[in-house]
Amino acid sequence: ELLPMLRDRLLTLDLSPQLSSTADLILHFDSQLHQHIEQLTGGHWLFCFRWFLLMFKNEFKMSDILQLWDVMFSQHTTAHFEIFVASGIILMHKEQVLACDTSDQLLHFAQSVTAKLSIETVISYARDLSGKISATEGLSDSLIALVKQA
């Protein structure tokens with residue numbers, strides 16, 4: 001089941017839904033952070049494109065990535081757990097992101113931050129975000145879609 005999922009992702013290579021959903025989640029949890037990123041990127045959240053394209057493979061050591069993929073592909077909380085992971089990484093590093101003055105600095109942040117992260121912390125934070133969204137009433141359709149099962 002893993003190979004068809006990977007194949008489907010690679011054949012489409014349209015990661016705009018993940019990028020857009022990450023922006024929506026950040027807006028929901030921290031409008032100041034969202035506004036700052038929007039100003040730096042012109043609304044194009046491409047700084048985290050690699051995270052989604054490679055499903056965080058280059059961001060963590062292999063034993064950690066296998067643990068993350070196990071959680072992502074089990075889809076026990078959401079079929080879109082990768083979006084909560086990306087959003088969690090950004091939210092956990094709010095001060096670093098706010099310190100970025102250019103889109104290049106933001107890209108450098110995205111390429112260097114994860115090597116310093118504990119996979120357990122990232123997974124736990126992403127689960128917390130997913131739980132908070134699931135427990136929130138009056139969400140936009142795009143956020144409701146994030147917490148639905150596959």
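Hi everyone, thanks for coming. One thing before we start: what we have here is a predicted model.

Let's begin with the core. The largest nonpolar core holds 47 residues, and the members that touch the most others are W45, W51, F56, L68 and I90. Which elements supply two or more residues to this core? They are α2 (16–29), α3 (31–41), α4 (49–53), α5 (62–74), α6 (81–92), α8 (103–112), α9 (119–134) and α10 (141–146). Of these, α6 gives the most, with 8 residues. As a general point, nonpolar side chains in soluble globular proteins tend to be buried together.

Now have a look at W45. Leaving aside residues up to four places away in sequence, W45 touches L19, T22, A23, I26, H34, I37, E38 and I90.

On to a helix pair, α5 and α6. Their axes come within 8 Å and cross at roughly 130°, so α5 counts as oblique to α6. Which residues of α5 and α6 meet? On the α5 side we have L68, V71 and M72, and on the α6 side F81, E82 and V85. By type, that contact has 5 nonpolar residues, no polar ones and 1 charged. You'll remember L68 from the list of core residues that touch the most other members.

Last, the cysteines. Are C48 and C100 buried or exposed? C48 has 0% relative accessibility, so C48 counts as buried. C100 is buried too, with a relative accessible area of 6%. As for disulfides, a search of the whole structure finds 0.

That's it from me, and I'm happy to take questions!

Terms used. Residues numbered from 1 in each chain as written. Predicted model: local features only at pLDDT ≥ 70, side-chain atom pairs only at ≥ 80, totals over all residues. Heavy atoms only, no water. Core = buried A, V, L, I, M, F, W, Y, C linked by side-chain atoms within 4.5 Å. Buried < 20%, exposed > 50% of the residue type's maximum accessible area, 1.4 Å probe, protein only. Helix = DSSP H or I, 4+ residues; strand = E, 2+ residues; numbered from the N terminus. Contact = heavy atoms within 4.5 Å. Disulfide = S-S within 2.5 Å. Axes fitted to C-alpha atoms, helices over the stretch in contact; angles between N-to-C directions. Parallel < 35°, antiparallel > 145°, perpendicular 65-115°, else oblique. Nonpolar A, V, L, I, M, F, W, Y, C, P; charged D, E, K, R; others polar.
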